[in-house]
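Student: Could you walk me through this model before I plan my afternoon?
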Amino acid sequence: MIRLDKYLADMGEGTRQEVKKYIRQGKVLVDGSPVKRPETKIDEAKQQVVFLQRQIDYAEYEYYMLNKPAGVISATEDAREKTVLELVAGSRRKDLFPVGRLDKDTEGLLLITNDGALAHRLLSPRHHVDKCYYAKVQGIVTKEDKKRFSDGVNIGTEGSKEQTAYGRLEIIRADSGLGISEIRLTIQEGRYHQVKRMFEAVGKKVLYLRRESMGSLVLDKDLKPGECRRLTDEELRNL
Ligand code: URA
């Protein structure tokens, strides 16, 4: 059961104050009759809510896959910078947030939801969820780097040790002419600038970074950077 004003505000029909006004004006019908008390409790599974001739169904949680473009920050709001939430078309919900952060210049998979329990499960190191990244790296990535990432590298700054857990490094291509490598790295942690700092620890520099998957969720190849879509039922079930 949920209050009528919260029901409509959660579904993006206005702010709590705005929807209270619409309700008091008799613009909202519940099971066919106007209900004028915003605090009226609604059984979201059984009752029908209609506002301005539109049936408004209640969804407790929403889930979007965004292909984050470079130049946008992984925050819910910011006075100066464009945020990933501004790219979620089709939702006016106020409680959405990105699951984890990608750096401003990183592209790729970002899950956006209001489901805090799922976010916790995907981000908590205890749950060992794989995050897979594709990167272009300045320098020739070697078998020794693979071994070092597998054993864990120290990404701490002077004096402070910060050891990473196991990481699986795959070398896609190492072009000794250009001095550039393409790699795929799978890690289960999500420390600040982790991939970039891991390569710095082995004397290399990440030039381009894209997240390709998180657990069972794989970035949809049809989503261009900046595009977003709802998760399918199957993607959600598998998460
Ligand atoms: N590692 C990084 O260095 N940056 C990201 O955005 C994600 C992982």
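Tutor: Let me begin with a term: a contact means heavy atoms within 4.5 Å. With that, residues 24 or more positions apart account for 61% of the contacts in the chain with a separation of 6 or more. This is a predicted model, in which local features need pLDDT of at least 70 and side-chain atom pairs count only at pLDDT 80 or more, while totals for chains, interfaces and linings use all residues. Residues are numbered from 1 along each chain as its sequence is written, and side-chain values use heavy atoms, with hydrogens and water left out.

Student: OK, and what radius of gyration does the chain have?
Tutor: The chain has 23 Å, whereas a compact globule of 239 residues would have a value near 18 Å; the radius is taken over C-alpha atoms, and the globule rule is 2.2 Å times the number of residues to the power 0.38. Along the principal axes, the C-alpha atoms fill a box of roughly 70 × 35 × 30 Å.

Student: How many helices and strands are there?
Tutor: There are 6 helices and 15 strands, where helices (H or I, at least four residues) and strands (E, at least two) are DSSP runs numbered from the N terminus.

Student: Which strands make up the open sheet of 4?
Tutor: The order is β3-β2-β5-β6, with antiparallel pairing, and two strands pair if DSSP finds at least two bridges between them. Because β3 (33-34) and β6 (54-55) each have a single partner strand, they stand at the edges and one side of each is left without a neighbour in the sheet. Further in, strand β2 (residues 28-30) is joined to strand β5 (residues 49-51) by 3 bridges, and L29 stands opposite V50 in β5.

Student: Switching to N67, is that residue buried or exposed?
Tutor: N67 is buried, with a relative accessible area of 4%; buried means under 20%, exposed over 50%, and partly exposed in between, with a 1.4 Å probe and protein chains only. N67 is found in strand β7 (residues 63-68).

Student: And what does its side chain reach?
Tutor: The side chain of N67 reaches the backbone nitrogen of G108 at 3.3 Å. Leaving aside residues up to four places away in sequence, N67 touches G108, L219, L223, K224, P225, G226 and E227.

Student: Last one: where does G116 lie?
Tutor: G116 lies in helix α3 (residues 116-123) and is partly exposed, with a relative accessible area of 39%. G116 and F97 are 19 residues apart in sequence, and their C-alpha atoms are 9.0 Å apart in space.

How values were computed:
A polar contact is a pair of N or O atoms within 3.5 Å; within protein, one must be able to donate a hydrogen and the other to accept it, and residues adjacent in sequence count only if both atoms are side-chain atoms.
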